[in-house]
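This briefing concerns a single structure, shown below.

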Amino acid sequence: MWGRVPYCNCLADSATANVASALKHANLNVNLKELSPNEGWLYFAVRFDPHSATAEEVRAAMKAGGAEILDGPP
């Protein structure tokens with residue numbers, strides 16, 4: 001699953017810190033990998049085992065963390 005968050009190199013933490021925190025808070029076993037920033041956005045991919053979490057649970061946690069969900073890879 002892919003998403004993006006606003007990106008500025010002025011951030012003290014990772015731009016995906018809120019998304020990672022929301023995924024952890026939802027007790028979802030996922031792997032979040034940051035991709036490259038582009039035109040003010042940081043793109044990322046979230047991989048998960050569909051036997052341990054549903055796509056809807058992952059989407060909901062990503063949105064709770066401030067991510068915009070993408071239909072496919074950037």
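Asn-38 stands opposite Trp-41 in strand E3. The model is predicted, with local features requiring pLDDT of at least 70, side-chain atom pairs counting only at pLDDT 80 or more, and totals for chains, interfaces and linings using all residues. Residues are numbered from 1 along each chain as its sequence is written, and side-chain values use heavy atoms, with hydrogens and water left out.

**Sheet**
- Four strands form an open sheet in the order E2-E3-E1-E4, with antiparallel pairing; strands are DSSP runs of E with at least two residues, helices are runs of H or I with at least four, and both are numbered from the N terminus.
- Strands E2 (30–38) and E4 (68–70) stand at the edges with a single partner strand each, so one side of each has no neighbour in the sheet.
- Neighbouring strands of this sheet are turned against each other by 30 degrees on average, direction ignored.
- E2 and E3 (residues 41–48) run antiparallel and are joined by seven bridges; two strands count as paired if DSSP finds at least two bridges between them.

**Helices on the sheet**
- Helix H1 (residues 17–25) lies across E1 (2–6), E2 and E3, and runs at about 165 degrees to E2; axes are lines fitted to C-alpha atoms, for helices over the stretch in contact, and angles between N-to-C directions run from 0 to 180 degrees.
- Helix H2 (residues 55–64) lies across E1, E2, E3 and E4, at about 150 degrees to E3.

**Nonpolar core**
- The largest nonpolar core has 14 residues, of which Val-5, Val-19, Leu-23, Phe-44, Val-58 and Met-62 touch the most other members; such a core is a set of buried Ala, Val, Leu, Ile, Met, Phe, Trp, Tyr and Cys residues joined through side-chain atoms within 4.5 Å.
- H1, E3 and H2 each supply at least two residues of this core.
- Not counting residues up to four places away in sequence, Val-5 touches residues including Val-19, Trp-41 and Phe-44, where contact means heavy atoms within 4.5 Å.

**Ring and loop residues**
- Arg-4 lies over the face of Trp-41, at 3.8 Å from the ring centre; the criterion is NZ of Lys or CZ of Arg within 6 Å of the ring centre and within 35 degrees of the ring normal.
- Asn-27, in the loop between H1 and E2, has a positive phi near 55 degrees and counts as exposed at 70% relative accessibility; buried means under 20% relative accessible area, exposed over 50%, and partly exposed in between (1.4 Å probe, protein chains only).
- Glu-39, in the loop between E2 and E3, has a positive phi of about 50 degrees and counts as exposed at 75% relative accessibility.
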